[in-house]
Amino acid sequence: LDLDRFKSINDTMGHPFGDALLAAVGRRLREGLGPGEAIARLGGDEFAVLHQAPAEGWSPEPMGRQILKLFDRPFAVGPAEIALNTSIGVRVHDPLSHDGPDELLRDADLALYRAKAEGRGCLSVFESTMNQRAARRLALEQALRSAVAHGELSLAFQPFAELSTGRIVGMEALM
């Protein structure tokens, strides 16, 4: 999980305040989740919750809603109260896969980015298509960087004309 808009709080209130807020979030997660969950701060404003789920019939959505509900109340940091949301990315481990912790965290991150794109303060569960989309996006970005570096792109302007007068009223740039 990643705290939504934490950077603006850190920038406005200062890093010591941000650190105290992170500690308050960690305490609330520890108090609000069961003894079977391991909670860790991965860095910055990102936390991980490891849940050992029963093999059959378990769904991450109820636990995700439970975590989101922990953010309903503001966090007390000194005399201040700060309202905060979180976005959650979930990766359910398939016992038949050979995925290690790095792959699980990578996939949870992809789900987290989708949750943030869907408006923040929500939960997204990893799907294999997310990995394929991320790989395509990276390949496209690399191809565009290469094209720019090798002068393989050219710019053209296409005018928009008013049909009745032939007057140019706008333009689009094409690459």
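**Labels and their cut-offs**

Me: Why is Ala173 called exposed?
Reply: Ala173 has a relative accessible area of 52%, and since exposed means over 50%, buried under 20% and partly exposed in between (1.4 Å probe, protein chains only), the value falls in the exposed class. This is a predicted model, in which local features need pLDDT of at least 70 and side-chain atom pairs count only at pLDDT 80 or more, while totals for chains, interfaces and linings use all residues. Residues are numbered from 1 along each chain as its sequence is written, and side-chain values use heavy atoms, with hydrogens and water left out.

Me: What does Ala173 touch beyond four places in sequence, and in which element is Ala173 placed?
Reply: Ala173 belongs to strand E9, where helices (H or I, at least four residues) and strands (E, at least two) are DSSP runs numbered from the N terminus. Leaving out residues up to four places away, Ala173 touches Leu155, Ala156 and Phe157, a contact being heavy atoms within 4.5 Å. The C-alpha atoms of Ala173 and Asp72 are 46 Å apart, although 101 residues separate the two along the chain.

Me: How do you know which element of the protein chain has the highest mean pLDDT?
Reply: The predictor's confidence in each residue, pLDDT, runs from 0 to 100, and on that scale strand E9 (residues 168-174) has the highest mean among the elements, 95, whereas helix H5 (residues 128-149) has the lowest, 82. The protein chain averages 88, with 96% of the residues scoring at least 70.

Me: What makes the pair of Asp2 and Thr86 a polar contact?
Reply: The backbone oxygen of Asp2 lies 2.9 Å from a polar atom of the Thr86 side chain, which is inside the limit for a polar contact (a pair of N or O atoms within 3.5 Å; within protein, one able to donate a hydrogen and the other to accept it, with residues adjacent in sequence counting only if both atoms are side-chain atoms).

Me: Why is H1 called oblique to H2?
Reply: The axes of H1 and H2 (lines fitted to C-alpha atoms, for helices over the stretch in contact, with angles from 0 to 180 degrees between N-to-C directions) come within 6 Å and cross at roughly 135 degrees. Angles under 35 degrees count as roughly parallel, over 145 as roughly antiparallel, 65 to 115 as roughly perpendicular and the rest as oblique, so H1 is oblique to H2. Phe6, Ile9, Asn10 and Met13 of H1 make the contact with His15, Phe17, Gly18, Leu21 and Leu22 of H2.

Me: Why do Pro62 and Gly64 receive their accessibility labels?
Reply: Both residues are in helix H3. Pro62, at 43% relative accessibility, counts as partly exposed, while Gly64, with a relative accessible area of 4%, is buried. Beyond four places in sequence, Gly64 touches Ile88 and Leu123.

Me: Which residues touch the most other members of the largest nonpolar core?
Reply: Among its 22 residues they are Leu3, Leu29 and Phe71, where a nonpolar core is a set of buried Ala, Val, Leu, Ile, Met, Phe, Trp, Tyr and Cys residues joined through side-chain atoms within 4.5 Å. H2 gives the most to this core, with six residues.
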